Amino acid sequence: MSSRLDISWEENREALEDFSFFINNEVAADIWFVVGPEKRRIPGHKIYLMSCSKEFSNALCPFRVDRDELPIEDVSYDDFLIFLQYCYTWKINNFSQLNSGTKTAILKLAYRFDMQHLKEICEKEMRISENLSGS
């Protein structure tokens with residue numbers, strides 16, 4: 001008998017999408033992102049975000065109990081919320097309708113936190129937008 005639980009991310013994707021409740025929600029939050037030049041605070045949940053990527057894990061793991069903030073200074077509050085929406089739900093609503101600045105900011109975050117699937121989505125959507133505007 002195995003003591004390890006074999007769980008496939010793809011098979012349990014619906015369960016992961018239920019975490020949308022936690023986007024920008026202080027319930028059980030244990031990390032605060034201090035975002036943009038305004039230094040607005042956005043609550044996060046380390047254990048969940050660490051599961052999104054190794055880079056998220058590297059960024060959040062070294063935090064001590066008495067240190068619960070992570071500055072994200074080069075991104076706007078709204079753009080970071082869209083990025084977190086992806087982290088908690090694995091989708092971005094109406095991505096094709098976002099302006100190019102927001103798409104670029106999300107792509108930069110995808111690279112910063114090494115989220116391959118989000119990189120691919122951003123790059124594909126940006127190519128589509130370029131082709132439509134160039135026609």
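A charge is taken to sit over a ring if NZ of Lys or CZ of Arg is within 6 Å of the ring centre and within 35 degrees of the ring normal. In this predicted model, the charged end of R40 meets that description over the ring of Y77, at 3.5 Å from the ring centre. The charged end of K119 likewise sits over the ring of Y111, 4.6 Å from its centre.

**The sheet and its helix**

Three strands make up an open sheet with mixed pairing, in the order β2-β1-β3. From one strand to the next, the twist averages 25°. Strands of a sheet pair through backbone hydrogen bonds, in either a parallel or an antiparallel manner.

Strand β1 (residues 31–35) and β2 run antiparallel and are joined by five bridges. W32 has P43 in β2 as its bridge partner. The hairpin of β1 and β2 has four residues between the strands, and G36 takes a positive phi near 70° there. Helix α4 (residues 77–89) lies across β1, β2 and β3, and runs at about 5° to β2.

**Aromatic pairs**

A pair of aromatic rings is described by the distance of the centres and the angle of the planes. The structure holds eleven such pairs; two of them are set out below.

| Pair | Centre to centre | Angle between planes | Arrangement |
|---|---|---|---|
| F19 and Y48 | 4.4 Å | 25° | stacked |
| F80 and F83 | 5.7 Å | 40° | tilted |

**The nonpolar core**

Which residues touch the most other members of the largest nonpolar core? Among its 34 residues, these are F33, L49, F56, F80 and M115. At least two residues of this core come from each of β1, α2, α3 (54–60), β3, α4, α5 (100–112) and α6 (116–134). The most is given by α4, with nine residues.

M115 illustrates the contacts of one such core member. Residues up to four places away in sequence being left out, M115 touches C52, S53, F56, F83, Y86, C87, W90 and A110. F56, one of these partners, is itself listed with M115 among the core members that touch the most others. F83, another partner of M115, is the residue whose ring forms the tilted pair with F80.

Notes
Residues numbered from 1 in each chain as written. Predicted model: local features only at pLDDT ≥ 70, side-chain atom pairs only at ≥ 80, totals over all residues. Heavy atoms only, no water. Pairing = 2+ DSSP bridges. Axes fitted to C-alpha atoms, helices over the stretch in contact; angles between N-to-C directions. Contact = heavy atoms within 4.5 Å. Phe/Tyr/Trp six-rings, centres within 6.5 Å; stacked < 30°, edge-to-face > 60°. Core = buried A, V, L, I, M, F, W, Y, C linked by side-chain atoms within 4.5 Å. Buried < 20%, exposed > 50% of the residue type's maximum accessible area, 1.4 Å probe, protein only.
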